Amino acid sequence: ARSTSCRHIEMEPPDDHVRIGRYMLVRTVIEPADLCFVFGSRDGVDAYVDTVATHFQGGYFPRIVIAGGDTGGGIAESDDIRKRLVARGVDAAAIICERASTNTGENVAMAMPLIDREIGLDNIRSLIAVGKISSSRRFLMTLKRHWREPKRMLLPVNFFNADAERWWEDEAFRTRVIREWNKIPDYIERGFLAELDESDDLIS
């Protein structure tokens, strides 16, 4: 069975850490795309901004959509990230903000009409998603569930004190990965996510 707990995983052999990490911390190629889709966050925001600004200025995407409402900080997550991106020299006209969503599924579902109105969904053949590394697989699974047509790539943001290959050595990183590991089966069963497979071009 896949389900485990944080206390249990600390007692597992390294092979199990590798197995869980291989499933959870998925990677894709990164190549120029039509759109950057940012899953909003209140954690690691500076790292988010560094990642998005660097790739925007490097020519990886011409437009950025940031999805995320006010989840308790007094400002929508999308507006907070947008403000910081503009301060980093990103053109404000290149950014679209979705300001009502409060979870990952809503991030995608509520942003898609805005993308359609501003750019046209049919014009998005590829996208690069940006989100915290511990939720890498769920971000791609959510996009696949709601928006199958574009090629979906992922820029994971790692603001933890361990590399992806040693994720279990940092308590916060480990806790988040195991939390994700436990929730994914239920989310699939409830129809929130679509499982990834060979067609998703993951890097093994």
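**View 1. The start of helix H5 in a predicted model.** A side-chain oxygen of asparagine 103 sits at the start of H5. This oxygen comes to within 3.2 Å of the backbone nitrogen of glycine 105.

**View 2. Helix H5 from end to end.** H5 covers residues 104–118, which makes 15 residues. From its first C-alpha to its last, the helix reaches 21 Å. That is close to the 21 Å expected at 1.5 Å a residue.

**View 3. The bend in H5.** Look at methionine 112: here H5 bends by about 30 degrees. A proline, proline 113, follows within four residues.

**View 4. The buried residues of H5 and what they pack against.** Thr104, Asn107, Val108, Ala111, Met112, Leu114 and Ile115 are buried. An α-helix has 3.6 residues a turn, so residues three or four places apart point the same way. The buried residues of H5 have several partners. They pack against strand S2 (35–39), strand S3 (64–67) and strand S4 (95–98). Helix H6 (136–146) is another partner.

**View 5. Just after H5.** Glycine 120 takes a positive phi of about 100 degrees. Leucine 121 lies in the loop between H5 and strand S5 (126–132).

**View 6. Leucine 121 and its contacts.** Leucine 121 has a relative accessible area of 22%, so it counts as partly exposed, since buried means under 20%. Leave aside its neighbours within four places in sequence, and leucine 121 is in contact with Met112, Ile115, Asp116 and Trp147. Glycine 44 is 77 residues from leucine 121 along the chain. The C-alpha atoms of these two residues are separated by 29 Å.

Note on methods
Residues are numbered from 1 along each chain as its sequence is written. This is a predicted model: local features need pLDDT of at least 70, side-chain atom pairs count only at pLDDT 80 or more; totals for chains, interfaces and linings use all residues. Side-chain values use heavy atoms; hydrogens and water are left out. Helices (H or I, at least four residues) and strands (E, at least two) are DSSP runs, numbered from the N terminus. The expected span of a helix is 1.5 Å times one less than its number of residues. The bend at a residue is the angle between axes fitted to the seven residues ending there and the seven starting there. Buried means under 20% relative accessible area, exposed over 50%, partly exposed in between (1.4 Å probe, protein chains only). Contact means heavy atoms within 4.5 Å. A polar contact is a pair of N or O atoms within 3.5 Å; within protein, one must be able to donate a hydrogen and the other to accept it, and residues adjacent in sequence count only if both atoms are side-chain atoms.
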